[in-house]
Amino acid sequence: MTIDAQNSFRDSDAFSGTIASRLRLVRGEQSRRSFAKRLSIKESTLRNYEQGASVPNADFLVTICKKMRISSRWLLLGEGAMGLAAASGSGEEPEPPERRPLSGGTTPVIGLAAGDAEGWYTPSQLALSILWPVENAGKGILAVLTAGAEMQPEGIKPGNVAICDKSLTCGPGDAVYVRRKDGRAALRRLHEMDESRFVLQSWQAPSEEGIQALRLEKAMRDDVDFIAPVSFIKVKA
């Protein structure tokens, strides 16, 4: 599925508005336990998805769209019809209206799943991409579907889409997407940097009182695959 960047990634509506709420709508009156069993996941995992505590991974998104016959465009972005049959009458997912030919660049959307205690995630490509209206405009661009609360005090919430540009140089104070050589990735604030290391800033999980403590961590340059500054955050209802 391809999303037109000019039409779909130009405002700052509330994005995750949410995948969680749309999952609850899909479940309907079914019990969470039976619905989770139908989708081959744990009830606790489904609860986290529905409460917005974690972002669904790529495998789950594919499974629920196939088994429940819903549009991935609707589930991820809240656009178009919910059901495939209702949308097209043929059981096939409809194309977005007035879709442009794929003459410009496209950018796959990356999902972050299975976070560890420090808020580092395993990135995986989702069945969703952004279409840029200008030729080659998407080169070097990354679109990351965010997870976790590590950057929530910065206004970057789970379910937002962070648009990052690998061609740009980052500096202290920038929000950045960091990909380590061990394959793990995360969004962070670049606190400081020198020739050998990056100092990255994020926040710990909220306490019972909702307070998030500041966290600083070091990442040696030799351990980092790349670091890309966040150009803007897309929030879509």
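Guide: What follows is a set of questions about this predicted model, each answered from a computed value.

Visitor: How many helices and strands does the protein chain have?

Guide: The chain contains 7 helices and 10 strands. Of its 237 residues, 47% are buried. The exposed surface comes to about 11,800 Å², and carbon and sulfur atoms supply 48% of that area.

Visitor: What share of the contacts in the protein chain joins residues 24 or more positions apart?

Guide: Such pairs account for 61% of the contacts with a separation of 6 or more. A pair counts as a contact when heavy atoms lie within 4.5 Å.

Visitor: Why is I64 called buried?

Guide: The cut-off for buried is under 20% relative accessible area. I64 has a relative accessible area of 0%, and is therefore buried. This residue lies in helix 5.

Visitor: Which residues does I64 touch, leaving out those up to four places away in sequence?

Guide: I64 touches L23, V26, F35, L39, R69, I70 and L75.

Visitor: What makes the buried residues of helix 2 lie on the same side?

Guide: Helix 2 covers residues 19–27, and its buried residues are I19, A20, R22, L23, V26 and R27. Their directions from the axis span an arc of only 165°, so they fall on the same side of helix 2.

Visitor: What covers the buried residues of helix 2?

Guide: The cover includes helix 3 (32–38), helix 4 (43–50), helix 5 (58–68), helix 6 (72–77) and strand 4 (141–145). After helix 2 comes G28, with a positive phi near 60°.

Visitor: Why are the buried residues of helix 4 placed on the same side?

Guide: The buried residues in helix 4 are L46, Y49 and E50. They cover an arc of only 95° around the axis, and therefore sit on the same side of helix 4. Among the elements covering them are helix 2, helix 3 and helix 5. Just after helix 4, G52 has a positive phi of about 75°.

Visitor: Which residues are closest to the centre of the largest pocket, and how much space lies in that pocket?

Guide: The largest pocket holds about 410 Å³ of space. It is lined by 25 residues, of which A53, S54, Y121, G148 and A149 are the closest to its centre. Helix 4 and strand 2 (106–113) each contribute at least two residues to the lining. By type, the lining of the largest pocket divides into 13 nonpolar, 9 polar and 3 charged residues.

Visitor: What makes a space a cavity and not a pocket?

Guide: In a cavity a 1.4 Å probe fits but cannot get out, whereas a pocket is open. The structure has 2 cavities of 30 Å³ or more. The largest cavity has a volume of about 60 Å³.

Visitor: Which residues line the largest cavity, and how do they divide by type?

Guide: The largest cavity is lined by L112, Y121, T146, A147, G148, E150, M151, I156, L187 and R188. They divide into 6 nonpolar, 2 polar and 2 charged.

Conventions
Residues are numbered from 1 along each chain as its sequence is written. This is a predicted model: local features need pLDDT of at least 70, side-chain atom pairs count only at pLDDT 80 or more; totals for chains, interfaces and linings use all residues. Side-chain values use heavy atoms; hydrogens and water are left out. Helices (H or I, at least four residues) and strands (E, at least two) are DSSP runs, numbered from the N terminus. Buried means under 20% relative accessible area, exposed over 50%, partly exposed in between (1.4 Å probe, protein chains only). Accessible areas come from the Shrake-Rupley method with a 1.4 Å probe; for residues, only the protein chains shown count as cover. The arc is that of the directions from the helix axis to the C-beta atoms. On a 1 Å grid over the protein atoms alone, a cavity is a set of points where a 1.4 Å probe fits but cannot get out, and a pocket is an open set with protein on both sides within 12 Å along at least five of seven lines; lining residues have an atom within 4 Å of a point. Grid points are joined across faces, edges and corners, and a volume is the space filled by probe spheres set on the points. Ala, Val, Leu, Ile, Met, Phe, Trp, Tyr, Cys and Pro count as nonpolar, Asp, Glu, Lys and Arg as charged, and the others, Gly among them, as polar.
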